Amino acid sequence: MALDHFSHDHPLMLVDEARKEDDDKDEVVCNGCHKPILDSAYTCSSKCNYFLHEKCARLPKEILHHPKHPEHTLTLFSHPPYGEGSECFCNVCYIAGWRWFTYNCSLCQFDVDIICAMEERVVKHESHPHPLTVLYQKVSFECDACGMKDEDSSYFCSTCGFWIHKSCYLSPSTFNHGGHDHQLQLNSFLPYNNRRFAFYCDVCGTTLHPSYWVYNCEKCRYFVHIKCATLEPERREITGEESFDDPNIMKLPIVGEPTDLLAEILNKLNLADNERVTELIHFSHDHPLSLFDTQSNNDQMTNDKIVCQGCAQPIVSVPFYGCPGCNFFLHKSCAEIPRELQHPCHDHHLKLGMCSHFVDWFTCRSCERPSNGFAYTCKLCKFHLDIVCALLPVRIKHEAHEHPMEVRDFTIFSKCNACDQNPGGFTYRCNSCNFLIDISCAMLKRTVKHDWDRHRITLRYPPYSDHPDDFYCEICEEEIHPKFWLYHCQLCDQPFHTECLRPYYQLANVMIGGTGKVDIHPHNLTLIHTFKKKKSTSCSRCGKDQGIIPSTTPGPSIGVTLGDAPISPPSNSACLKRFAVVGSVAVILTPSVGAVCGNDKLSKALVL
């Protein structure tokens, strides 16, 4: 049935779906309220692209006793009655620039846009059990939906004092966000099953308050503040220097089990030296080092589990350099690294050196692991890097993130997106969207072998949409945060915290077997692996209890036992402060490092 409407010259026809005649792909907008038309509407029978919502087409021509202007009648106009193309200021919402259907009092020049004019004074919202009353006057208050203090029209509950911005009240129940593939659902609070962990807004990165409204995708645990829903995650355009075509970009994670990690890094960056010198004079050893480059002359030594003095890792394949008489060996790649380098995270040149004593180790500034192998050092700043961290590429591309990342020093209050820890060492950071991972997480292998599972365990990244159930770590039995990385055997459905596997490797850069003396004990000591016991120990020098608390994470620690070769300890070693008598075995907890003297049935542990 045709409708003769005062706002248009031609009759209007009610249709199920409004479409423009010239282009049916364009969004159809109502000529009354300037809002999109998503369902049935009135359209011009003469096909002149004039549309009205069914509700807008049936608005009353007059309003008597409007609550904001009860003394006079308001009359409906097709546009503000101040001339062709004029605009008006709505006296209810106080927003200027309205150009569409307007209720007007000609006596007072009082104007109300049709959205405010037809707004119900008392409404119900699914998020709240009581009726809400609209307050037209803009006031500044802290909204119970978004938690922000802002000046806006509002809805107020006279029963319990619930008070929200009008803009929050009008938020749609579902939302398609540009930063996520799935539709987001509006919740009036953080869902209870997600309150066991701290969750962050995936747009602004700040913590979510459990009582404020939030958009989320439950399947992916994707959360957005209600005020961030109209924002896109910050992105900076990737320049040509940062593109994936950069030859200096190394792709991670590491695949397989590289026998020489440093050589793997140098090969990926095309920096490996393929020249083979049969005899090498190296600063780290008094004798010439011979090249072992065929597996036959290496078989006997690999059976003895030789260790590289440079990176502190086992040597399991050729080529490598060695002095068998002194039991001194180096990977070929470790023997050929430069004596000096400039690292982007330090202002001064770093010089290559080695530890002078078997307990004279350092903590790498990058990965924060102890090591007694080679180090790149700035003595002026007491800055140390193990040789693998020092030669890591400046740029990487990790499969867990869409953009390249660059190495950066740690920043206060930053958190690793892989483990949620505050990195104290170096990180790889995305310049486009501030995604960052610490060095230890960046160097996690794609698959690892572990005693807790007979299969290789795979590194996985969120969202875990194919695994609807919660993950519980097989080692610590704690729930795993669904927004961070984990290791998972899909065949056995056994998940693991990355940090629960990491203690097995925290001491991986410390060489075992060094022997020498310390000034507080008469016997020679040898560095060995020990196993912790759930027992406290007291210092045999001062008698005070060390207060060792057993760790919940299994793994080896390091101790020192009786040996032969005399050697002087470092004068500044803080480890000499604690010397414990513990019976026949050393009690040193992960990731402690210690020394043990096995003299008959009495062992003493020196916690380093």
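Me: To start, is Phe 283 buried, partly exposed or exposed?
Reply: Phe 283 is partly exposed, with a relative accessible area of 32%. The cut-offs: buried is under 20% relative accessible area, exposed is over 50%, and partly exposed lies in between, with a 1.4 Å probe and protein chains only.

Me: What should I know about the model and the numbering?
Reply: The model is predicted: local features need pLDDT of at least 70, side-chain atom pairs count only at pLDDT 80 or more, and totals for chains, interfaces and linings use all residues. Residues are numbered from 1 along each chain as its sequence is written, and side-chain values use heavy atoms, with hydrogens and water left out.

Me: Where do Phe 283 and Phe 374 lie?
Reply: Phe 283 lies in the loop between β19 (279-280) and β20 (289-292), and Phe 374 in strand β27 (residues 374-378). The pair therefore ties together parts that are 91 residues apart in sequence. Strands here are DSSP runs of E, at least two residues, numbered from the N terminus.

Me: And Phe 374, buried or exposed?
Reply: Phe 374 is buried, at 1% relative accessible area.

Me: Which charged end sits over the ring of Phe 283?
Reply: That of Arg 339, 3.9 Å from the ring centre. The rule asks for NZ of Lys or CZ of Arg within 6 Å of the ring centre and within 35 degrees of the ring normal. Lys 61 also has its charged end over a ring, that of Phe 77, 5.9 Å from the centre.

Me: How many aromatic pairs are there by this rule?
Reply: The count comes to 14. One of them is Phe 189 with Tyr 192, a tilted pair at 5.2 Å centre to centre and 45° between the planes. Phe 189 is partly exposed at 33%, and Tyr 192 is exposed at 61%.

Me: Which residues form an aromatic cluster?
Reply: Phe 141, Phe 156 and Trp 163 form one.

Me: New topic, sheets. What order do the strands take in the sheet with β33?
Reply: The order is β33-β34-β35-β36, an open sheet with antiparallel pairing. Two strands pair if DSSP finds at least two bridges between them. β33 (447-450) and β36 (494-497) each have a single partner strand, so one side of each has no neighbour in the sheet. The twist averages 30° from one strand to the next.

Me: How many bridges join β33 and β34?
Reply: Four, in the antiparallel sense, with β34 covering residues 453-460. The two strands form a hairpin with two residues between them. His 450 stands opposite Asp 453, and Lys 449 opposite Arg 456.

Me: What about the sheet with β14? Which are its edge strands?
Reply: That open sheet runs β14-β15-β16-β17, with antiparallel pairing. Its edge strands are β14 (174-176) and β17 (222-225). Four bridges join β16 (residues 214-217) to β17, and Cys 217 stands opposite Tyr 222.

Technical notes
Axes fitted to C-alpha atoms, helices over the stretch in contact; angles between N-to-C directions. Phe/Tyr/Trp six-rings, centres within 6.5 Å; stacked < 30°, edge-to-face > 60°.
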